Amino acid sequence: MEEPSICELPDDLILKIFSLLPLYRESTATHLLRKLRMEGPWKLVPDVMFDDDDESYASFVTFMNFVYGSLLFNNDQILERLHLILNQDYSASDINIWVKLAVKRSVRKLRIQTFGKPLELPSCLSTCVTLKSLVLHEVRIKVVPSCLRLSLKSLHLFSVQFSGDVSLASLLQSCPHLEYLVVWDVVVDTFPPCFLFSSLKSLHLLSTYFSEEDGSVASLLRICPVLEDLVVKRTCRIFNNYVPHICRTLKTLILRDLIIGSVPPLFCLPSLKTMHLLSVTFSGGESVATLLQICPLLEDLVVKQTEVSDSEDTTKECTLSCRTLQTLTLSELSIKMYLPWFRFPLLKTLHLLSVKFPNYESLALFLPICPLLEYLLVDQTKDDSLIFENVQPWFYLPSLKSLHLISAKFWGDESFEDLIRRCPVLENLVINKTIDDNVMIFDIDAPSLKSLSIDNSKGKRACVKKDRGFVINAPSLEKINFKDTFSNFLEFEHMTKVTEANVQVICSQSEKFIGSFTSIRHLSLCSLSSETPPYPRGTTFPYLEHLELCTCSAGWANLLVCILNDSTRLKHLKLKSQHRAHYNDPMIHWNKPRTVPECLSTHLEIMEWRQYEGTEQERNVADYMLANATSLKMVTFSTRCRNKHHRMLKKLKKLHRVSQTCQLLFD
């Protein structure tokens, strides 16, 4: 049988219930009853936050009215989350009643913030089997009922203090099913001898302090038999007074902003797969290599702003510990290793982010220790040091398939050419060029390359007397993204397999490579070339179905006509102004086609025109397209200028549409 809602009870009984509530008198209860009868039950959404500092509450009493009124009605609605932000003092009975009402609605997530004021954990939480997440923020806990047993899976403690006989241990003892624990700015005291986190799988210790001298992070591992993830940040005593113990279940370890003074000889993490060392300082002769020795199955390692420096003997010892490593990320650090002794025999992915090498070493010396490397990212955005010197004759990357060079600095043209040639199976190449990379011509000779992305658009354009640009020979290339506003020299070999291209160039030599895309299916083009078309005469694009053309150049309209004439199967056309600032060149007169392009009369179905300005030339092109595209199904126009929006729409609606099924839309 369903429980009756409180709004269905007699008025006298409702008033009697209200009169029993703390801080309430007959006038308040009558007021709530009047609102109930006049406005119906107060709605309660699944996610509720009550903040007594909100300006919408005129007074303390108004806030109390709202909280009680909201929680007392709609008994059948499940409460997903309740968030109480309490700046003022409230009695334990008030908070207990609010929580009890939330428990009755099967609350799943509860968050309480009292800004350092005391809190007695309501014993009614023991009866709430649906409560899985509890967050306590800036709370001072003075009472934890001895009978309290929570069904929590997740517990977050932010700046929580304990007073009297209450401690973190007494609170955690009431959570036997806890799987996820976050502790921030909390004092950790001693746990009872027989205490175990029997279900805890993830533990985050952030700015945590140990009250006892023998307390440490490592000591907690002994009472977490199934722990899989451990995050430690700004916490002292990692291994202090450690009792030898093997944590066999830990798979992920993240250490951040802390100091490691010593690593016990018998400490071992035999199941650890992932380790992050972020701004970690070592003392007492310890190092990254020391930690690698205790992780025999480590697969993923991230080291950021942490010194990687070792003696020759220590580096030799940890070589065996790196045999399982598959992913390595080094960020904002200097490498000072005895490389001949170091090996990553199974490493497949390497990220080098603003990494410095000594004068007698370089990346070319570092990479050969990774014989199975498949993915390499080099990003020197935050550091301008030389990363590639001349490649030695024995240098070879036989398995590298993906190479990303972001602001990488070379010795010269030859060092880049040699690097590419020593990657015989390279399939994906990304180059974000910088002005001071010491390379004039990027000669990319890669027979196996399938995807190429080049960005040479950052910085200030200056007059260059010498040739600067790209020479590309990639017969297997299928996809290219080319953005270049600086080069004055481009040379592309014929690329018959390219099916998708995004090209934005200023160089007048763009005709040397656009015409090589004879198998293109998807083309996005922004060309400022004065040549029309910017490809050899007689070139056709028989497979082109999707064209995006930028309207920022002076001759874009004539370029459009050329491509339409040479693309018989075009189905989707998108015109857009990719650059907000128009160039100073006057618009070149549009030569209206003498004959209708075949794609307009047979295939074109969708046309989009973004940043339509309604100029005379744009209106002429729009009029021509609508009057001759017999297969059009949908045309969409959008504009930046809201003031001209309605006037332009009226003019467009008046244009003749030859397609009877064409739908005209405006964004």
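This report describes selected helices, strands and individual residues of one predicted protein model.

## Basis and overall composition

The model is predicted, so local features are reported only at pLDDT of at least 70 and side-chain atom pairs only at pLDDT 80 or more, whereas totals for chains, interfaces and linings use all residues. Residues are numbered from 1 along each chain as its sequence is written, and side-chain values use heavy atoms, with hydrogens and water left out.

The chain contains 15 helices and 34 strands; these are DSSP runs numbered from the N terminus, with helices being H or I of at least four residues and strands being E of at least two. Of its 667 residues, 51% are buried, where buried means under 20% relative accessible area, exposed means over 50%, and partly exposed lies in between (1.4 Å probe, protein chains only). Among contacts in the chain with a separation of 6 or more, 61% are accounted for by residues 24 or more positions apart; a contact means heavy atoms within 4.5 Å.

## Helix α4

Helix α4 comprises 13 residues, 92-104, and spans 18 Å from its first C-alpha to its last, close to the 18 Å expected at 1.5 Å a residue. The expected span is 1.5 Å times one less than the number of residues in the helix. The buried residues of α4 are Asp94, Ile95, Trp98, Val99, Leu101, Ala102 and Val103. Just after α4, serine 106 adopts a positive phi of about 60 degrees.

Three strands form an open sheet in the order β4-β6-β8, with parallel pairing. Its edge strands are β4 (118-120) and β8 (161-162), each of which pairs on one side only. Two strands count as paired if DSSP finds at least two bridges between them. Strand β4 pairs with β6 (residues 140-143) in the parallel sense over 3 bridges, and glutamate 120 has valine 143 in β6 as its bridge partner.

Histidine 137 belongs to strand β5 (residues 133-137). With a relative accessible area of 18%, histidine 137 is buried. Leaving aside residues up to four places away in sequence, histidine 137 touches Arg111, Ile112, Gln113, Thr114, Phe115 and Phe158.

Most residues other than glycine have a negative phi. Aspartate 257, although not a glycine, has a positive phi of about 55 degrees. This aspartate 257 lies in strand β14 (residues 252-260) and is partly exposed, at a relative accessible area of 26%.

Glutamate 332 is likewise not a glycine and has a positive phi of about 50 degrees. Glutamate 332 is located in strand β18 (residues 327-336), and its relative accessibility of 27% places it in the partly exposed class.

## Parallel pairing of β26, β28 and β29

Strand β28 (residues 500-505) pairs in the parallel sense with strand β26 (residues 479-484) over 6 bridges. In this pairing, isoleucine 480 stands opposite alanine 501 of β28. Strand β28 is also joined by 6 bridges to strand β29 (residues 522-527), and these two strands run parallel. Here valine 505 stands opposite serine 527 of β29.

## Helices α12 and α14

Helix α12 (residues 556-566) packs against helix α14 (residues 616-628) at an angle of about 20 degrees, with the axes 11 Å apart. Axes are lines fitted to C-alpha atoms, for helices over the stretch in contact, and angles run from 0 to 180 degrees between N-to-C directions. From α12, the contact involves Trp556, Ala557, Leu560 and Leu564, and from α14 it involves Gln617, Glu618, Val621 and Met625. These contact residues divide into 6 nonpolar, 1 polar and 1 charged, with Ala, Val, Leu, Ile, Met, Phe, Trp, Tyr, Cys and Pro counted as nonpolar, Asp, Glu, Lys and Arg as charged, and the others, Gly among them, as polar.

Helix α14 has 13 residues and reaches 18 Å between its first and last C-alpha, close to the 18 Å expected at 1.5 Å a residue. Its buried residues are Gln617, Glu618, Val621, Ala622, Tyr624, Met625, Leu626 and Asn628.

## Glutamate 608

Glutamate 608 is situated in strand β32 (residues 606-609). A relative accessibility of 15% makes glutamate 608 buried. Not counting residues up to four places away in sequence, glutamate 608 touches His572, Leu573, Lys574, Leu575 and Thr636.
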